[in-house]
Amino acid sequence: MFTLKGWSCGILGAGILGAGAALAQPVSATRIPCEIFIAGGGLGGVAAAYEALQLGRQVCMTEITDWIGGQVSAQGVSALDERPLQRENEIFPRGYREFRRRVREKYGGDPNPGKCWVSVLCFSPQVGHQVLREMLDPYLQSGQLRLFTETVVKDLEIEGYQIRRVVAIRNLPKHAGVAPEQRGDLSSYFLDFYRWEPTKDWDKEILHFEPPPERQGKTLPWIVIDATETGELLPLARVPYRLGTDGESRWEPSSKPYRDPYCTQGFTYTFVIERSAVPQVPIKPEFYDDPLHGPYYSFEHPRFNFGRVFTYRRIWGQVFGFGEEAIRVGDQSMQNWTWGNDWRITGPEMNLILTHEQLQASGQLQPGGWMGGLRVEALRRAEQHAKGFFYWLVAGRTDFLLQQADPNFQKDFYLRYRYLKGPNSPMGTASGLSKYPYIRESRRIIGRPSVSYPGGFTIYESDITTRESELNRGRPFIFYDSVGVGQYPIDFHECLLPDFSLPPSHNQDAQAPSYPYQIPLRALIPQRIDNLLAGSKNIATSRIASASYRVHPVEWAIGTAAGHTAHFALARDLVPAEILREPLSNLQLLPALQAQIQSLGNPIQFPGTTITATDWAQSR
């Protein structure tokens, strides 16, 4: 670590984020060369690194939390969302298969440690992080991988059509009170992480990630992969992207004639509760009766109750079952419930992911002005909401939805349950909340234009859905440039207005099964910047299609494809878009990339895939 000297600060006026973001960067910085730079250590980032490392590449990866794994660890959603076709036939990327095997190994071979019923594999978020670290540890030990946790991207230096440098800030805790297991909620320090200057809690190390000297002067000096949870690099790179609902389209039978950048899926701070031997004394949060919190909570449907909610995403269990009779002392349940701890309230003054106009107004698109692109007040509200949901689960008497049908309905008390927090808890945090919220919807790139996609390549609802429409083919669209596969229903945790109603722009009606589908290479390549790849939920999908591509195995497959594409392009010293510029009648590069991906155990199509047969394309 070094002392920051010789810098000047420009101060933003009060805006969306308030005052205090410095514009100019310090003159001192640590230069770090790498062939592949990955922003974001979630599942997509880990998968990209895992593949690229095994192909021999030097990789650098940054992550805002101290855990890698995103959905399965830092975001606490350690209940894998999978479909039977993929699971029963092991049609997953080989790294994902290895992850699942190692998780079970941690529990002595137990196929489902949580005995949950939402998935066939539920486990502790701490175990998710531990397994992924062990998978990457050989490369960390050798120095082939350099991992920078509690580190955020602050700026990109762009020359022509390529990113030449990534500027990042590494946050170093000054005292034990801000160690990962001791600090407050994310909203209390999120902005501090993006400040150039040291704060009362954090020292700073400025990092400049750059291509290695031996690749300077090449057509492709290095590759940058955006695997962040919200597509943070897209505004910084000035590439076209979408946010929120897309508006009406002939390719989207469920679309509405409204564009709404504020309507993104609800995000969730997860937490874990445990069955105790003796009654607990719940403390009612001071914010519990706020109109945006207390009235919201619900079991959602008469067939649900506390026992079913607890066993739904149970991460440690002793007896499989669907109700209270299957709960034992010591059982632990991760809570991720739509009408519970989802934070879905949005609008121009309440949205989480700031729009382009909001970023401009707050100065975040000025050089050195980036402050994460999120509304901190939305993070704070969501943190409160999750804590309020725990109180409602154990001591609440109301039920927002059920009492609309039966005003006399009263919920029972469930006092033999405690909220887990602290360094040894499944979330590993002082508050008991996940280290980062579970993000279901990101900024999404718009792919490059072509004759078939004059507005830019996009995966649409009609490419994957089984919904009856004039575009329904009885199978998914088959992409010639497939670099991965996935399947999951189109599933929305839809945004809500402050009165808990759906906005006119909502896509809730798009909920539907999907066919098994593909991940096309065109969905990973943004416009304008030649050495940037999308590596997570930020690929080129419509908002409706993104509701299927967001889950664990699909995000892993996206990252796998990004890691392979990066290696392939670097080995041939060509930008990734060149792979797609060959005439269809004489493809050579694309088949070579696809062969490379498959040779290491990563499927790019489902067995039996043809244009005419449909047996392979059953939605279930």
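This is a predicted model: local features need pLDDT of at least 70, side-chain atom pairs count only at pLDDT 80 or more; totals for chains, interfaces and linings use all residues.
Two helix pairs were examined. Helix α1, formed by residues 43–54, and helix α3, formed by residues 94–106, have axes that come within 10 Å and cross at roughly 110°. This angle makes α1 roughly perpendicular to α3, and the crossing in which α1 passes α3 is right-handed. On the α1 side, the contact involves Tyr-50, Glu-51 and Gln-54, which meet Arg-94, Gly-95 and Glu-98 of α3. By class, the residues of this contact comprise one nonpolar, two polar and three charged.

The other pair consists of helix α13, residues 552–572, and helix α14, residues 589–599, whose axes come within 10 Å and cross at roughly 130°. The helices α13 and α14 are therefore oblique to each other. The passage of α13 across α14 is again described by a right-handed crossing. From α13, the residues in contact are His-564, Thr-565, His-567, Phe-568 and Arg-572, while α14 provides Leu-589, Ala-592, Leu-593, Gln-596 and Ile-597. The contact of α13 with α14 is made up of five nonpolar residues, four polar residues and one charged residue.

Open pockets were considered next. The largest pocket holds about 780 Å³ of space. Its lining consists of 33 residues, and those nearest the centre of the pocket are Val-118, Tyr-312, Arg-313, Tyr-488 and Asp-491. In the lining of the largest pocket, 16 residues are nonpolar, six are polar and 11 are charged.

The second largest pocket contains about 640 Å³ of space. It is lined by 28 residues, with Arg-242, Asp-246, Arg-259, Ile-446 and Tyr-460 closest to its centre. Two or more lining residues of this pocket are given by each of the strands β9 (241–242) and β10 (245–246), and by each of the helices α8 (356–361) and α11 (461–464). Sorted by class, the lining of the second largest pocket has nine nonpolar, 11 polar and eight charged residues.

Strand β5 gives the largest share, three residues. The lining of the largest cavity divides into nine nonpolar, 10 polar and three charged residues.

In the second largest cavity, the space amounts to about 140 Å³. The lining of the second largest cavity is formed by 16 residues, among which Arg-183, Gly-184, Tyr-189, Thr-429 and Lys-435 are the closest to the centre. By class, seven residues of this lining are nonpolar, five are polar and four are charged.

Methods
Residues are numbered from 1 along each chain as its sequence is written. Side-chain values use heavy atoms; hydrogens and water are left out. Axes are lines fitted to C-alpha atoms, for helices over the stretch in contact, and angles run from 0 to 180 degrees between N-to-C directions. Helices (H or I, at least four residues) and strands (E, at least two) are DSSP runs, numbered from the N terminus. Angles under 35 degrees count as roughly parallel, over 145 as roughly antiparallel, 65 to 115 as roughly perpendicular and the rest as oblique. A crossing is left-handed if the near helix is turned anticlockwise from the far one by less than a right angle, and right-handed if clockwise. Contact means heavy atoms within 4.5 Å. Ala, Val, Leu, Ile, Met, Phe, Trp, Tyr, Cys and Pro count as nonpolar, Asp, Glu, Lys and Arg as charged, and the others, Gly among them, as polar. On a 1 Å grid over the protein atoms alone, a cavity is a set of points where a 1.4 Å probe fits but cannot get out, and a pocket is an open set with protein on both sides within 12 Å along at least five of seven lines; lining residues have an atom within 4 Å of a point. Grid points are joined across faces, edges and corners, and a volume is the space filled by probe spheres set on the points.
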